[in-house]
Structure formats: structure tokens, C-alpha cells
Amino acid sequence: MNMNQLETLLTISKTMSFRKAGELLNLTQPAVSAQVKSLEDEFKTVLIDRNQPVTLTDHGQVFLEHAEKILTIVEELKQKLSDLNLTPQGHILLGTTSSIAIQILPRVMSYFQNQFPLIKTTIHSMPSSQVMASVENGSVDIGITYLTEKNPNVTSSVLYYDTFELVVSPTHPMSRLTHTTVDTLKDIPMIMLAPDTLGRRFVDQIFRKYNIQPNIVMEVSSSEEVKRMVEINLGAAVVSKLSIANELRLGTLKMIKVNELETSHPVGVVYKSGRYINTALQQFLSDLKGMPEHQFISSE
């Protein structure tokens, strides 16, 4: 048995095709078949049901579970050996919200990529409520998100603090105000984040606390979409203060203080507890944690 055979079986399980697996692995179809047959002969069992579409047998499913573990261990071994060079290098998968990806990360990534060109970073934008789960299940290496609850499977570190603020279009009837109360929000059309976002959960909590039934005219999945809808005066919205720095500077949005919303929310970096931290991740985490808060919240 060798690693190539295990990778071939894993690819077949995903593509359900010897031909497609061969294309992905740059192998001929006979070579793919031969690798599977060699495994079946060695373990004296049938791993693949060769009817179309190709599927794993019960024995094949059990074999695949162990094959995935072996491949993970081998990949970790390769990374540890690579780290012996003491040169930060590797690939980081980072999960965060679209607003953080647009407003915060460009400044961070510009510095980091200049200092460590051998480290590649891929950013996956997702709803804030999904970041923690993605870190926990391993689909991303680290996340940057609101730290709303403790998770024993995740290690976190606060980077900066954010607030949620009411914004309207400059042409909105309330735009002349600098302050208002949460009670006034029941009378105006509201554009809201989707229910599965942390920002929406916070706003819903405030509305419940003050027994307010908001007039929701639209729900969208990200703060960037919310801001565009507010700019064309389709309604008011409550969004992250850090996400509106550019719009406030350009004058396309007007922020109105609402005392009941004035709660600081920690935003931090999270990664799975107990996982192996390679030199690329070590360097990235070190740089993030070492940055002063104004590096994140500056509007420049």
C-alpha cells in the first residue's frame, strides 16, 4: 500500500468515476483501476462497486475513513518537517465576514504579504455565525469574527472592539438627527441582516428587550448589501460601525447614535484548540495579536 493508492481511492469516492479521478490525478483510467485492484488484492476485499455511478462498498467506506486519517497524518508530518527550515511558509485558509474582509483585512494582508511572501492566504467570506463552526470543523485554519460565546473547542484572542450603529441615507427624514432612541425604530422601514448573522441576533435581542416590533422591509445576507440598500434610501439599518467608515467619509450614509445600542462587541481571531500550528499560522497569529487596536479600526 502507498499514499498514491489512498489518494486515488479518496478521489474516486468524491468523483464517483474512474475517468474523472484519473483526470484530476493526471493518471490514465487503467492506472486508476490498477491502483484500486492492488489495494483490493492486498486487503482481500472489494472496495469499489464498479456499476455506474461508481460507489464504495461497505468495506470501502470503512477503508476510506482510515485512509483519510492516514493522509491527514502524512500531510501533518510533511508540514512539521517543512517547518524545520524555520522559514515561515505555507497556505492559510482564513474565514471571516465580508465586511471584515473588505474593511479590515486589506491593511493587515498588505503588511503580511510584503513581510512573508512565501505564505499564501486564501480568504473565505461567510456569515459571522458560520466562522466559528468553520474553524471547529477544519474547513478554515483560522477565523476573525465577533466573540459572542465561549467554545471549549476553539482558542480565541481579542483584536479590537466594535459597536453596532443606526445608519440612514442623507435623504432620509431622520438624517438631520445625531441621536435618537430605540423606540423610534418601530416606526420606520428597516433593512436587516439575515437571521443567521450575529449582528442580526444582537439587534433582535435589543428589540425584544424593549418590546419593539420592527417594520422589516428587506433582509440581506451581508453588511455590504445592507449599506447599498440604505444608500438608495430603501430603509434604515443597524450595522457594524467599522464597516461604514468609508461611507461616512464620503457622505453616502449618515450615522445616528442610539443609546440602547451602545454595547462594545469584541472581535477576535479564533483557531481550533489543540491543532498543530505550523510556522505560517504561528507568524500570522503573532502578527495579528501584536497589532495595536488602531491598526484595525483606523478609517484610513
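Contact here means heavy atoms within 4.5 Å, and helices (H or I, at least four residues) and strands (E, at least two) are DSSP runs numbered from the N terminus. With that in hand, let's look at helix H3, where the cover over the buried residues includes helix H1 (3-15), H2, E1 and helix H4 (58-83). This is a predicted model, in which local features need pLDDT of at least 70 and side-chain atom pairs count only at pLDDT 80 or more, while totals for chains, interfaces and linings use all residues. Residues are numbered from 1 along each chain as its sequence is written, and side-chain values use heavy atoms, with hydrogens and water left out.

**Helix H3**

- H3 has 15 residues and spans 22 Å from its first C-alpha to its last, close to the 21 Å expected at 1.5 Å a residue; the expected span is 1.5 Å times one less than the number of residues.
- Val32, Gln35, Val36, Leu39 and Glu40 of H3 are buried, that is, under 20% relative accessible area, whereas exposed means over 50% and partly exposed lies in between (1.4 Å probe, protein chains only).
- These residues sit on the same side of H3 because they cover an arc of only 135° around the axis, the arc being that of the directions from the helix axis to the C-beta atoms.
- An α-helix has 3.6 residues a turn, so residues three or four places apart point the same way.

**Two loop residues with positive phi**

- Asn26, in the loop between helix H2 (18-25) and helix H3 (29-43), has a positive phi of about 60° although it is not a glycine.
- Asn26 is exposed, at a relative accessible area of 71%.
- After H3 comes Lys44, with a positive phi near 50°.
- Lys44 belongs to the loop between H3 and strand E1 (48-49), and is exposed at 75% relative accessibility.

**Strand E5 and its partners**

- Five of the five residues of strand E5 (residues 142-146) are buried.
- Strand E3 (residues 90-96) runs parallel to E5, joined by three bridges; two strands pair if DSSP finds at least two bridges between them.
- E5 also pairs with strand E13 (residues 265-272), in the antiparallel sense and over five bridges.
- Ile142 in E5 stands opposite Leu94, and its bridge partner in E13 is Tyr271.

**Ser169**

- Ser169 lies in the loop between strand E7 (164-168) and strand E8 (179-180), and is buried at 2% relative accessible area.
- Beyond its neighbours within four places in sequence, Ser169 is in contact with Ser175, Val230, Glu231, Asn233 and Thr252.
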